[in-house]
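Please read it alongside the model.

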Amino acid sequence: MTQPTWDAVDAYFSEQLVGHDPVLEAAAADADAAGLPHIAVAPNQGKLLHLLALTQGARRILEVGTLGGYSAIWLARALPADGTLITLEIDPTHAAVARGNLARAGLEKIAEVRLGRAADSLAALAEEGVEPFDLVFIDADKPSNPEYFRWALRLTRPGSLIVVDNVVRGGAVADAHSTDPAIVATRALHELIAAEPRVTATSVQTVGSKGYDGFTLARVQG
Ligand code: SAH
Ligand code: DHB
Ligand code: MG
């Protein structure tokens, strides 16, 4: 089974269980028109994030890595009307596209795009003493994942869920000799999590329209 099969299965699941969604389709089209890379989560993965946020009963969500706001729309749609999503983005073009997409989705009151290096924005959030987030989705520059995970731990509470995208990368994560900074960092992330008594975690491999990759899920312990 290879990519064409994975694509067909993703298309089938998305057709059955996600369906036609003009707002999300317009968000993807605007990101495309603005020349953003095609690296947003797939529709059925976006819905997984939505379901995880619902399961969390999330009122506050933090996203690291906005791109055009596709995953942010999925996450923010799980929030109550007085909920908050803060999403961090370094690229002004990406942030502008995302703000437009979130506004069209009617989410501008609950979703805020913060422009800047995520490491700086995370430090600023901690400095502001914000309320803890119920869910954190880490999906920006992969070499910084251990750093983002440490910040996520500081910005959450017992019961919060931390999700990290792209932890498999075609299987490269199993290569202890990899010199790819993304893989070295993903392995460092797993070592960090393994040694961290404050979380219980697992990582799962996925195949689909985004190729062969996977997610880490970590629950902050009580
Ligand atoms: N979560 C999005 C995809 C994010 S792609 C979705 O699924 O729809 C990764 C994003 O992280 C890109 O937009 C990139 O510009 C941003 N990024 C990369 N390095 C960053 C950094 N240091 N700080 C903040 N954002 C960063
Ligand atoms: C890339 C980044 C992502 O967040 C993703 O889901 C897929 C690919 C990338 O930078 O190549
Ligand atoms: Mg990703």
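## Model and conventions

This is a predicted model; local features need pLDDT of at least 70, side-chain atom pairs count only at pLDDT 80 or more, and totals for chains, interfaces and linings use all residues. Residues are numbered from 1 along each chain as its sequence is written, chains are lettered from A and ligands numbered from 1 in the order in which they are written, and side-chain values use heavy atoms, with hydrogens and water left out.

D165 and N166 are both buried (under 20% relative accessible area, 1.4 Å probe, protein chains only).

## Largest pocket

The volume of the largest pocket is about 780 Å³. Its lining has 38 residues; P37, I39, A40, L67 and D139 are the closest to the centre. A pocket is an open set of points on a 1 Å grid over the protein atoms alone, where a 1.4 Å probe fits, with protein on both sides within 12 Å along at least five of seven lines; lining residues have an atom within 4 Å of a point.

## Ligand 1

Around ligand 1 are 22 residues, with S71, E89, H94, A118 and D139 the closest (a heavy atom within 4 Å). A side-chain N or O atom of S71 lies 2.8 Å from a nitrogen atom of ligand 1.

Notes: Buried < 20%, exposed > 50% of the residue type's maximum accessible area, 1.4 Å probe, protein only. Points joined across faces, edges and corners; volume = space filled by probe spheres on them. Polar contact = N/O pair within 3.5 Å; in protein donor to acceptor, adjacent residues only side chain to side chain.
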